[in-house]
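Subject: Structure for your review

Dear colleague,

Please find below the structure I am handing over to you. My findings follow after it.

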Amino acid sequence: MNFLVSIQAHDVDDFLKWAGDDRIMRYLRWDTITSREEALTYLGKVAIPYPWHWSISLDGERSIGYVSMRPGQITDTEHTLVMLWAQITGGKG
């Protein structure tokens with residue numbers, strides 16, 4: 001069962017698997033994260049402090065992706081939703 005949980009610093013290694021993957025990150029406006037230290041900095045400054053960033057968790061054990069919602073920049077009704085997840089199928093579908 002997959003579900004959304006608050007992203008935490010202990011998710012850093014799983015986070016780095018997909019945030020460090022150019023094939024996934026090319027669709028986002030932020031750069032590929034290249035080190036564990038950079039991932040911890042991102043989590044600590046961007047993801048963890050804000051309540052609208054979640055980890056997509058597989059059985060509550062590991063983070064397989066990320067969901068964030070950014071409140072409207074221009075109006076209260078325009079929001080941005082970002083979803084990304086790791087390639088966990090090994091190219092098998």
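The notes below cover helix packing, aromatic pairs and salt bridges.

Please bear in mind that this is a predicted model.

Helix 1 (residues 12–19) packs with helix 3 (residues 36–47) at an angle of about 105°, and their axes are 10 Å apart. The two helices are therefore roughly perpendicular to each other. Helix 1 contributes V12, D13, F15 and L16 to the contact, while helix 3 contributes R36, A39, L40, Y42 and L43. Of these residues, seven are nonpolar, none is polar and two are charged.

D13 and R36 also form a salt bridge, with 2.9 Å between the closest N and O atoms. This pair links distant parts of the chain, 23 residues apart. R36 is partly exposed at 38% relative accessibility, and D13 is likewise partly exposed at 41%.

The count of salt bridges is three. Another of them joins the side chains of D14 and K17 at 3.5 Å, N to O; these residues are three apart in helix 1, hence separated by about one helical turn. D14 is buried, with 15% relative accessibility, whereas K17 is exposed, with 54%. D21 and R23 also meet in a salt bridge, at 2.8 Å, and D21 is buried at 11%.

There are six aromatic pairs in the structure. In one of them, F15 and Y66 have ring centres 6.2 Å apart and planes at 75°, so the pair is edge-to-face. F15 lies in helix 1 and Y66 in strand 3 (residues 62–70), so the pair ties together parts 51 residues apart in sequence. Both residues, F15 and Y66, are buried. Ring pairs link F15, W18, Y42 and Y66 into a cluster.

Yours sincerely

How values were computed:
Residues numbered from 1 in each chain as written. Predicted model: local features only at pLDDT ≥ 70, side-chain atom pairs only at ≥ 80, totals over all residues. Heavy atoms only, no water. Axes fitted to C-alpha atoms, helices over the stretch in contact; angles between N-to-C directions. Helix = DSSP H or I, 4+ residues; strand = E, 2+ residues; numbered from the N terminus. Parallel < 35°, antiparallel > 145°, perpendicular 65-115°, else oblique. Contact = heavy atoms within 4.5 Å. Nonpolar A, V, L, I, M, F, W, Y, C, P; charged D, E, K, R; others polar. Phe/Tyr/Trp six-rings, centres within 6.5 Å; stacked < 30°, edge-to-face > 60°. Buried < 20%, exposed > 50% of the residue type's maximum accessible area, 1.4 Å probe, protein only. Salt bridge = Lys/Arg side-chain N within 4 Å of Asp/Glu carboxyl O.
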